[in-house]
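Q: Can you walk me through this one? I'd like to go over the sheet and then the ligand site.

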Amino acid sequence: MGIMAGEKTIMNLIDRYAVFGLPIKHSKSPRIHQLFAEQTGQTLEYSSAEVAPEQFAAAAEMFFSHGGKGLNCTVPLKELAWRYADHTTERAQLSKAVNTLALQADGTTLGDNTDGIGLVTDLISNHSIALSGIRILIMGAGGASRGIIAPILEQSPQTLVVANRTVDKAVKLADEFHNKGAITGCGFDDLGNRQFDLILNATSASLSGCLPPLPSGVLAENGSCYDLAYGNEPTAFVRWGLENHAAKSLDGLGMLVEQAAEAFFIWRGVRPLTQPVIELLNSERQARS
Ligand code: NDP
């Protein structure tokens, strides 16, 4: 009994974090946060749990009431997490989605969305792709798209076009952000013979090995491609970029690590180095493929 009580005390001393999602088995977040913790000398525990949307509020409540300090929420829980948070940052309000919940000193939860800053940091800092003054196309108008639009517009691109299979969703999404920069929404068929310096694939087509329809010539000379999805093998869109002579054709592993670093900073007040973690994960997947 005494040992049990002692163990419990020690467990409570270790700050606990977790990622909730469905599915969650293949999530790289526990590994990324463990690597960040080792690198920065922080003591913490980070686990993963499969949580269905209907269980989310109760599971989050349980986690925080039992000493949990912070949660990451992934598909399909980000909108629920946005509704769950007691307070939200401006970027979470704009994206209507939360991927990071942080317990505050007064016991309330703060919801933030670090996906957009994760993408922009990966593009600019890790891949030297400057966004200001260029023509950018986002394929897809779902949750991920919504999260990346404001941080991209902050970089002052020349134009930002959001194209989606369900045209109405792209038009409405672009309308929501029209006061933040030069943005329009359209269907894939409306792309005509327009050209872009950067094409971001924010559809979930890659998850089933498919490509959204891309008109030939849509990628400008020296333009780059970026798939928000990632895998052990190059995604269909990354392959499309390579076949269409993209200057760079990248997947979303860097974005994943950068959004995690931002969450880690929110929780721990320490900014981990992302490059060694990206390099390690890249070399591990190369060894696996
Ligand atoms: P959503 O389910 O919210 O949206 C999916 C989008 O994909 C919709 O615009 C949908 O169009 C479109 N779509 C789905 N299938 C097809 C298809 N076959 N052809 C054309 N369009 C299609 O998903 P999310 O926005 O949350 O996620 C999108 C992608 O971003 C996923 O691959 C996800 O893994 C990735 N992601 C990566 C992150 C990272 O850290 N690297 C972070 C967040 C997301 P419609 O509206 O017509 O249904």
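Predicted model: local features only at pLDDT ≥ 70, side-chain atom pairs only at ≥ 80, totals over all residues.

Q: What order do the strands of the open sheet have?

A: The order is β9-β8-β7-β10-β11-β12. That makes an open sheet of 6 strands, with parallel pairing.

Q: And which are the edge strands?

A: β9 (183-187) and β12 (249-250). Each of them pairs on one side only.

Q: How many bridges join β8 to β9?

A: 5 bridges. β8 covers residues 159-164 and runs parallel to β9.

Q: Which residue in β9 stands opposite valine 162?

A: Glycine 185.

Q: Which strands does helix α9 touch?

A: Helix α9 (residues 236-243) packs on the sheet and touches β10 (196-201), β11 (219-227) and β12. Its direction makes about 165 degrees with that of β11.

Q: OK, ligand now. Which residues come nearest?

A: Ala144, Asn164, Thr166, Lys169 and Leu228, out of 23 residues around the ligand.

Q: What about polar backbone atoms?

A: One at alanine 144 is 2.7 Å from an oxygen atom of the ligand. One at glycine 142 is 3.4 Å from a ligand oxygen atom. At glycine 252, a polar backbone atom is 3.0 Å from a nitrogen atom of the ligand.

Q: How much of the ligand's accessible area does the protein cover?

A: 79% of the 930 Å² that the ligand has on its own.

Q: Which elements give two or more residues to the shell?

A: α7 (143-153) and α10 (253-268).

Q: And by class, what is in the shell?

A: 11 nonpolar, 8 polar and 4 charged residues.

Methods:
Residues numbered from 1 in each chain as written. Heavy atoms only, no water. Pairing = 2+ DSSP bridges. Helix = DSSP H or I, 4+ residues; strand = E, 2+ residues; numbered from the N terminus. Contact = heavy atoms within 4.5 Å. Axes fitted to C-alpha atoms, helices over the stretch in contact; angles between N-to-C directions. Near = heavy atom within 4 Å. Polar contact = N/O pair within 3.5 Å; in protein donor to acceptor, adjacent residues only side chain to side chain. Areas by Shrake-Rupley, 256 points an atom, 1.4 Å probe, with all protein chains shown as cover. Nonpolar A, V, L, I, M, F, W, Y, C, P; charged D, E, K, R; others polar.
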